[in-house]
Amino acid sequence: MNDVLPDAVGVWQFLERSAREVFGTYGFAEIRTPVLEKTELFCRSIGETTDIVEKEMYTFADKSGNSMTLRPEGTAPVMRSIIQNRLAAQDPVAKLFYIGPMFRYERPQKGRYRQFYQIGVEAIGVEDPKIDAQILMMLHHFFNRIGINAVSLEINSLGCPACRPDYRRQLIQYLEQRLEPLCSECQRRYQTNPLRVLDCKVESCRAATTDAPAVVEHLCGECDQHFSQVRHYLDLLKVPYTVNVRMVRGLDYYVRTTFELVTDQLGSQNAVAAGGRYDGLIESLGGPALPGIGFAIGLERLVLMLDQDVVSTAAPELFIAALGDAAVEQAFILMSQLQVQGVRADMDFQGKSLKAQMRRADKLGAVHTLIIGDDELRSGQAQLKKMADGSQTSVRLDALLDLLT
Ligand code: HAM
């Protein structure tokens with residue numbers, strides 16, 4: 001789990017601001033749900049046999065003996081909230097986004113942490129493949145907006161409860177013939193979660209399954225039609241993508257369209273965003289039968305990829321250097337007045353020498369400095385220095401507010 005220190009927080013704020021701007025343009029509204037939910041919510045939605053539920057949840061009993069879990073992801077909590085607050089009764093179509101910490105007890109490495117932030121999006125109530133394309137367009141737009149281009153979009157279809165069980169049976173049969181080269185994890189899970197074997201990173205598992213049956217070749221008519229429509233709309237919107245028939249997701253609620261935005265810049269943690277359709281999830285949690293689709297972006301992974309210099313932090317517009325008790329007091333009043341007017345102003349609070357104060361102004365990256373001593377107090381005039389080129393102008397102290405606001 002990481003601290004985001006003041007030096008780095010500018011990048012985070014830039015990313016969050018950009019998400020709010022871009023998602024707002026597409027009509028998405030923010031939702032905030034608690035970080036803690038009943039454990040059962042995640043078992044029922046993400047799936048009992050997934051890595052997240054089997055191994056990675058922070059689960060504990062509260063003082064009443066209820067089993068509670070720190071949310072490992074945001075989709076299930078948002079669905080719980082929609083059901084509990086009867087949001088669908090007001091409007092069966094909801095477009096929501098959220099920004100917040102998630103928790104998974106994973107083995108930490110670059111780009112993988114136990115508390116991490118997601119920016120997530122959920123569009124509820126629309127089955128039309130246009131919304132799939134729209135969501136992916138929005139993801140593409142967001143990455144353009146923040147200036148990250150080294151990513152590619154991979155899509156797949158996982159079918160639905162009508163066609164997947166048959167495919168699943170065929171895949172299990174196929175894997176049964178090739179158990180020996182599979183890693184122990186895949187040997188254990190090929191019956192319970194056979195699709196995950198296709199996604200395993202272990203080389204011998206990949207080699208043993210190169211000609212495994214692909215789910216896209218076993219889709220029912222409706223899923224096949226839906227998937228080709230999604231691709232058609234992506235082509236129309238000129239959103240670049242490739243179809244990756246081996247891509248399966250680590251959460252059980254997905255049906256039909258699934259996708260990942262991957263990069264080769266982060267080592268093995270190559271997904272910067274991922275998501276898909278989850279028609280049936282809301283109903284299985286006791287709500288109305290509404291379809292849904294969404295994604296989540298891993299914020300730490302974006303921060304790792306961004307050139308941090310492009311985002312400037314809030315340097316003061318004015319640093320006031322003061323010499324002598326009376327001047328320090330005057331500088332303090334002036335600084336406060338400027339701050340109230342929205343000017344980023346700063347000064348020294350440690351009684352440092354003039355030289356040290358100027359060094360501090362430099363270090364903070366102040367745009368202007370103003371030096372006040374006894375003479376300046378008497379005359380009511382001081383020199384405003386522009387730090388970029390060292391040029392100075394004489395200003396009246398009582399006119400400074402007008403000058404800088
Ligand atoms: P997910 O694939 O589990 O999907 O996570 C989405 C993204 O969160 C990943 O692609 C990655 O960027 C980031 N992420 C996941 N785990 C970690 C970690 N331990 N450390 C750092 N970053 C991580 C979901 O969570 C779904 N709820 C997405 C979704 C929304 N599907 C539909 N709607």
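Is R188 buried, partly exposed or exposed? R188 is partly exposed, with a relative accessible area of 45%. Please bear in mind throughout that this is a predicted model.

I shall stay with R188 for a moment. Its side chain forms a salt bridge with E185, and the closest N and O atoms are 3.2 Å apart. Both residues belong to helix α8, where a spacing of 3 residues places them about one helical turn apart. E185 is partly exposed, at a relative accessible area of 22%.

E185 also meets K55 in a salt bridge, with an N to O distance of 3.2 Å. Since K55 lies in helix α3 (residues 51-56) and E185 in helix α8 (residues 184-189), this pair ties together parts that are 130 residues apart in sequence. K55 is partly exposed as well, with 44% relative accessibility. These contacts sit within a network of salt bridges that links D51, E54, K55, E185, R188 and R189. The count of salt bridges comes to 21.

Another of these bridges joins E260 and R249, where the closest N and O atoms are 3.2 Å apart. E260 lies in strand β9 (residues 255-262) and R249 in the loop between β8 (242-243) and β9, so the pair ties together parts that are 11 residues apart in sequence. Here both partners, E260 and R249, are buried.

R249 brings us to the ligand. The ligand is surrounded by 27 residues, and the closest are E73, E106, E122, R249 and Y254. By class, the shell divides into 13 nonpolar, 7 polar and 7 charged residues. Strands β6 (115-124), β10 (271-277) and β11 (292-298) each supply at least two residues of that shell. The largest share, 6 residues, comes from β10.

A polar side-chain atom of Q118 is 3.0 Å from a ligand oxygen atom. On the nitrogen side, a polar side-chain atom of Y253 lies 3.0 Å from a nitrogen atom of the ligand. A polar backbone atom of F295 is 3.3 Å from a ligand nitrogen atom. Taken alone, the ligand exposes 660 Å², and the protein buries 96% of that.

Finally, I turn to T39, which lies in helix α2 (residues 39-46). T39 is buried, with a relative accessible area of 11%. Its side chain makes a polar contact of 2.7 Å with the side chain of S67. Leaving aside residues up to four places away in sequence, T39 touches M57, T59, S67, M68 and T69.

How values were computed
Residues numbered from 1 in each chain as written. Predicted model: local features only at pLDDT ≥ 70, side-chain atom pairs only at ≥ 80, totals over all residues. Heavy atoms only, no water. Near = heavy atom within 4 Å. Polar contact = N/O pair within 3.5 Å; in protein donor to acceptor, adjacent residues only side chain to side chain. Areas by Shrake-Rupley, 256 points an atom, 1.4 Å probe, with all protein chains shown as cover. Helix = DSSP H or I, 4+ residues; strand = E, 2+ residues; numbered from the N terminus. Nonpolar A, V, L, I, M, F, W, Y, C, P; charged D, E, K, R; others polar. Buried < 20%, exposed > 50% of the residue type's maximum accessible area, 1.4 Å probe, protein only. Contact = heavy atoms within 4.5 Å. Salt bridge = Lys/Arg side-chain N within 4 Å of Asp/Glu carboxyl O.
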